[in-house]
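Trainee: I am new to this structure and would like to study it step by step. May we look at it together?

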Amino acid sequence: MKKKVIALLLATTMAFSLAACGGGGNNQGGDNSSSQSGTEEGTDESGADSGEKILSVQIGPDPETIDPALNSAVDGGNMLLHSFECLLIVDQDGQLAPGQAETWETSEDGLTWTFHLRDGLKWSDGSDLTANDFVYSWKRVCDPEVATPYAETVLGMVEGYDKAIEGELDALQVVAEDDKTLVVTLSNPCTYFGSLAAFATLSPVQEATIEANGDGWATSAETYISNGSFYVSEWVPGSHILMSKNPNYWNADAIKLDGIKFNLIEDANASYSAYQTGEVLMIKDVPTEEIPSLEGNSDYYVDPIIGTYYLSLNLNREPFTDKNVRKALSLAIDRDYVANTLMQGTYSPASNFMGPGWIDMDGSEFMENANGGQPYIDVTNHEANVEEAKKLLKEAGYENGEGLPSITYSTNDAGYHKVVAEYLQEAWAELGVDLKVDIVEWASFTPMRRNGDYDASRNGWVGDYSDPSNMLDLLYSTNGNNDGKFNNADYDAAMELSRSTLDPDERSKALHEAEDILMEEAGCVPVAYYNDFWLQSDKITGSWHSPYGYWHFMYADITEGGADTEGTEDTEGTEDAEGTEDAEGTEDTEEAE
């Protein structure tokens, strides 16, 4: 193959999706009446034009959605992180900490979780926020008319979920005992439920605003009522989303910035230019051709995150209904070349579906215990893999690709995505496969894939929390993020056992069995493990980046002298005696890609 030629075709931008809820507001029209402190369009990163301190960053283009119940992408999740706050949060050390709930406890049998909300909680419009807002929001996640992708993942273990997802919302056992007490009853113990309570999908959303504005509530600054450290004060599609400090946030005194300007830039070269001129102080999308010259620079960061870049094959379409075809396509990929040459070492080759960072029940790396300690795919012996792929394709009745229909591979035109697609054309051509590439704009890409309107497609997931179920649940037959429509009874049974058993050894065994089945059936095609890489000025202090692909700017500051960008949050102390978990080491969702 012409690998050297492909390497020269590296695309110039980088973006990926993956993952990562109110009632009773007084403002029936949903008018964000406190949204008066936004700056004028064109303000630079220091807010010099308005006298305010505005941090200007770039983490992606126009998000598909920033409705907490609907978002399943990292860029949208990063915005939700700043505009909403869940019952719990995950702190800089990856530990659960109080959010809207000041304390919480679980019953001895693990089935009842009780959350005690802080005094005086408010929405961004100044109206009161109570436990009833969480009841409404969590039931909304189950509403079949809302069609939340994460519904089963975040609430499937709650008593009454099966009825709620069919439309009987009041069956969900989430109850407000009073304005400050929320009680959740589970159908079976879930050791990582605390992480779910910190997951953006379960953010509170204001019932009055949604009832007054319908789905459009989350598309305009005027109706985007939130409860986090910032609120949306200005929204210009294709340009920026400006978030202003929320004076009604319970910890507003600790917020140093007057606002955060999320620049909606899709082209990495444009992002890089804005960074060089100082228009923005942090960019997530770095031009791939600039990476060799940036390595070693103090403002260039590479940080591992838990997640896998993989391919979805539409199992409802021929020829992907044949397991041997799927396995052949997987084995034909030189993962070491993709990760270390095409992706310039910014990713790592994937031998398993579950990569580094996922934690097993005994606290060890899940990956270390998978497949008897051996990789599912030997990424060091590509030639042998290709020979096995040709053999499998012959067994499927498509020797040398004869009789195999043409396949279309869909991807968005960003960074390594396009060059990987071009590589797949040549890699699969060795099997006789005719692969066409369909470049889809970002705004249409994830809905297309979710609806199954593709043959093969790039996909990816960045962990919301470190329990392996977070990623393995993706392939459960009814999961809303199961884009490939993998449906295997044995896989589902293993996942169901992992949800219900109280024995950690049995749960670990069930989760490993699920990955065994997934890899044997080639339910998806893992390619590489994620790392985040970005540029960030040392003028930003007090921010931090999490293993879940998020940048935390809520307690950041802008200084001329520069300082350590991994400063600690100025937050209220936590009482982790009530909130520690066994099976999980950190938090928060969003499907990332």
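Mentor: Two strands pair if DSSP finds at least two bridges between them; strands (E, at least two residues) and helices (H or I, at least four) are DSSP runs numbered from the N terminus. The model is predicted, so local features need pLDDT of at least 70 and side-chain atom pairs count only at pLDDT 80 or more, whereas totals for chains, interfaces and linings use all residues. Residues are numbered from 1 along each chain as its sequence is written, and side-chain values use heavy atoms, with hydrogens and water left out.

Trainee: How many bridges join β12 to strand β17?

Mentor: Strand β12 covers residues 300–313, and β17 covers residues 525–536. The two run antiparallel, and within this pairing Pro304 has Asn531 as its bridge partner. The number of bridges that join them is nine.

Trainee: Which residue in β16 stands opposite Thr308?

Mentor: β12 also pairs with strand β16 (residues 456–462), in the antiparallel sense and over seven bridges. In β16, the residue opposite Thr308 is Trp461.

Trainee: Why is β12 described as largely enclosed by the rest of the structure?

Mentor: Buried means under 20% relative accessible area, exposed over 50%, and partly exposed in between, with a 1.4 Å probe and protein chains only. β12 is largely enclosed because, of its 14 residues, the number buried is ten.

Trainee: What is the angle between the planes of Tyr310 and Phe353?

Mentor: Rings of Phe, Tyr and Trp (its six-membered ring) pair if their centres lie within 6.5 Å; planes under 30 degrees apart count as stacked, over 60 as edge-to-face and the rest as tilted. By this rule there are 20 aromatic pairs. Tyr310 and Phe353 form one that is edge-to-face, 5.7 Å centre to centre, and the angle between the planes is 75°.

Trainee: How many residues apart in sequence are the parts that this pair ties together?

Mentor: Tyr310 and Phe353 are both buried. Tyr310 lies in strand β12 and Phe353 in the loop between β13 (348–349) and α12 (382–395), so the pair ties together parts whose separation in sequence is 43 residues.

Trainee: Which residue caps the N-terminal end of α16?

Mentor: Helix α16 spans residues 489–500, and on one side of this helix Ala489 and Asp490 are exposed. A side-chain oxygen of the capping residue lies 3.0 Å from the backbone nitrogen of Asp490, a polar contact being a pair of N or O atoms within 3.5 Å; within protein, one must be able to donate a hydrogen and the other to accept it, and residues adjacent in sequence count only if both atoms are side-chain atoms. The capping residue is Asn488.

Definitions and conventions: Expected span 1.5 Å × (residues − 1).
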